[in-house]
Amino acid sequence: MLIDSTIAQAYCAGEYLDNFRRSWLFERASIASDLGRNVFTAPPEEETVRETVRTLEARIRTAVKRFVPVDRPIWDALFPDWQTLQPTLDLIVGFPAPYDAITARAPDGQAHLIFDLVQWRDHAALENLDAVIRNLLTHEITHLLIGHRYPEVDAALESKDYRTRLDAYTFHEGFAHILSYQATEIDRVDRYTPQLTGAAETDPDRQKQFLEEAVCGPYYEKFACMCGMLYLAGQWETHGIDGLQATFADYHGFTQRTLDTGAGQ
């Protein structure tokens, strides 16, 4: 994995960041499209924040060198060529809250993971910071691998049809969450906590708002993420890796499948 920390290092050095405002990262990444504007947001000027960014950059670089995905046997089954994908990890500042980590494709088609280290600063003091980094690397690379395997799923995220987009969101986020959840191997996760079993929302009258709420906001309130993850957990508990492979074969109707099995209830 290549690491480009040009923007984060410029910030730490106190350089003028407006030179980066027109970068595709702020103009053409998915959140810029979703928000309909250039998303560059001037980061805090406090030296304490700069020092935190320096610490995070060093820790992330170390974690990348020794990275092994959570649930690697499932990765190997779903994405047999995953090690051939070499994304660029951009360590930046300048995203608005709450966007700490996203995936995107550059104008040249290259796959990118983008971590905003100012948005990460609440993680810096955590004792389990290495697990958090592993979790987010696993989660975001899963999104890239899904898009690499099924470009039509990524295309569906831009559809004007609510159900088509919801299928794509739920498929994407369900797999990304179940493979990375708490940086814990799948057979050691308790999926019957109140946080998980009460996470979904199904009211059909607020579709536009729900498409945002499906994947944004407090972790356990992102209903597409939780609903998809719980459905996949059931497939794994019943059929193991074979069940996940069979489900991964087709995203169409994925949302309805999660509801039909009661995952969202």
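In this predicted model, Glu51 counts as partly exposed, at 42% relative accessibility, and the residue takes part in a network in which salt bridges with shared partners join Glu47, Glu51 and Arg54.

**Salt bridges**

- Glu51 forms a salt bridge with Arg54, in which the closest N and O atoms are 2.9 Å apart, and the two residues, being 3 residues apart in helix H4, are separated by about one helical turn.
- The side chains of Arg21 and Asp18 meet in a salt bridge with an N to O distance of 3.1 Å; Arg21 is partly exposed at 27% relative accessible area, and Asp18 is partly exposed at 33%.
- A further salt bridge brings together the side chains of Glu27 and Arg22, at 2.7 Å from N to O, where Glu27 is partly exposed with a relative accessible area of 36%, whereas Arg22 counts as exposed at 58% relative accessibility.
- The count of salt bridges in the model comes to 10.

**The sheet and its pairing**

- Strand S3 and strand S4 (residues 111-116) pair in the antiparallel sense over 5 bridges; the bridge partners include Ile102 with Ile114 and Thr103 with Leu113.
- Strands S2 and S4, by contrast, pair in the parallel sense over 5 bridges, and among these pairings Asp90 has Ile114 as its bridge partner in S4.
- The hairpin of S3 and S4 has 5 residues between the strands, and within this hairpin Gly109 takes a positive phi near 90 degrees.

- In strand S4, 6 of the 6 residues are buried, so the strand is largely enclosed by the rest of the structure.
- Both faces of S4 are covered, with Ala111, Leu113 and Phe115 buried on one side and His112, Ile114 and Asp116 buried on the other.
- Ile114, one of the buried residues of S4, is the bridge partner of Ile102 and also of Asp90.

**His172 and its surroundings**

- His172 is found in helix H8, which covers residues 162-180, and the residue is buried, with a relative accessible area of 5%.
- The side chains of His172 and His143 are joined by a polar contact of 2.9 Å.
- Leaving aside residues up to four places away in sequence, His172 touches His143, Ile146, Gly147, Val153, Asp154 and Leu157.

Definitions and conventions:
Residues numbered from 1 in each chain as written. Predicted model: local features only at pLDDT ≥ 70, side-chain atom pairs only at ≥ 80, totals over all residues. Heavy atoms only, no water. Pairing = 2+ DSSP bridges. Helix = DSSP H or I, 4+ residues; strand = E, 2+ residues; numbered from the N terminus. Buried < 20%, exposed > 50% of the residue type's maximum accessible area, 1.4 Å probe, protein only. Polar contact = N/O pair within 3.5 Å; in protein donor to acceptor, adjacent residues only side chain to side chain. Contact = heavy atoms within 4.5 Å. Salt bridge = Lys/Arg side-chain N within 4 Å of Asp/Glu carboxyl O.
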